[in-house]
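Dear colleague,

I am handing over the structure below, and my notes on what was found in it follow. Please read them alongside the sequence.

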Amino acid sequence: MKLSGFIVGGLLGAAATVYVSRKRPGTFAWASSAISNAASNMMGKSVSKIMNNGFMHEAANVAPKHTDASAGRSEAAWEQIEAIVSSDPAIKKEADKIKAETSALAH
């Protein structure tokens, strides 16, 4: 957006506001109250979302506690994944390619 367009739009908005406030003061008061409430609600939701994301981020940094039961389930899940990958040659080829790239980056 060009600065001149922003300035012209601001001036037109200010002129329209003055016109409406003089011709219909009740409508202007209602509109300004509605806009204020909407802005307040949006601000509250934004702050709430930011706070929740911050708390969720902290919770994500906490490592889960592994138990013997979860280790067994994890092993079974990896075996299923391996079986699925091995069943399709195209997937196996892509998985091998990813493994090679990963090991090359690790060394």
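A residue is called buried under 20% relative accessible area, exposed over 50%, and partly exposed in between (1.4 Å probe, protein chains only). At 35% relative accessibility, Thr17 therefore counts as partly exposed, and Thr17 has its place in helix α1. Between Thr17 and Ser32 there are 10.0 Å in space, C-alpha to C-alpha, although they stand 15 residues apart in sequence.

This is a predicted model, in which local features need pLDDT of at least 70 and side-chain atom pairs count only at pLDDT 80 or more, while totals for chains, interfaces and linings use all residues. Residues are numbered from 1 along each chain as its sequence is written, and side-chain values use heavy atoms, with hydrogens and water left out.

The protein has four helices and zero strands, in the order α-α-α-α from the N terminus; helices (H or I, at least four residues) and strands (E, at least two) are DSSP runs, numbered from the N terminus. Of its 107 residues, 3% count as buried. The protein exposes about 9600 Å², of which carbon and sulfur atoms supply 66%, by the Shrake-Rupley method with a 1.4 Å probe, where for residues only the protein chains shown count as cover.

Leu3 lies in helix α1, which covers residues 3–23, and is exposed because its relative accessible area is 62%.

Kind regards
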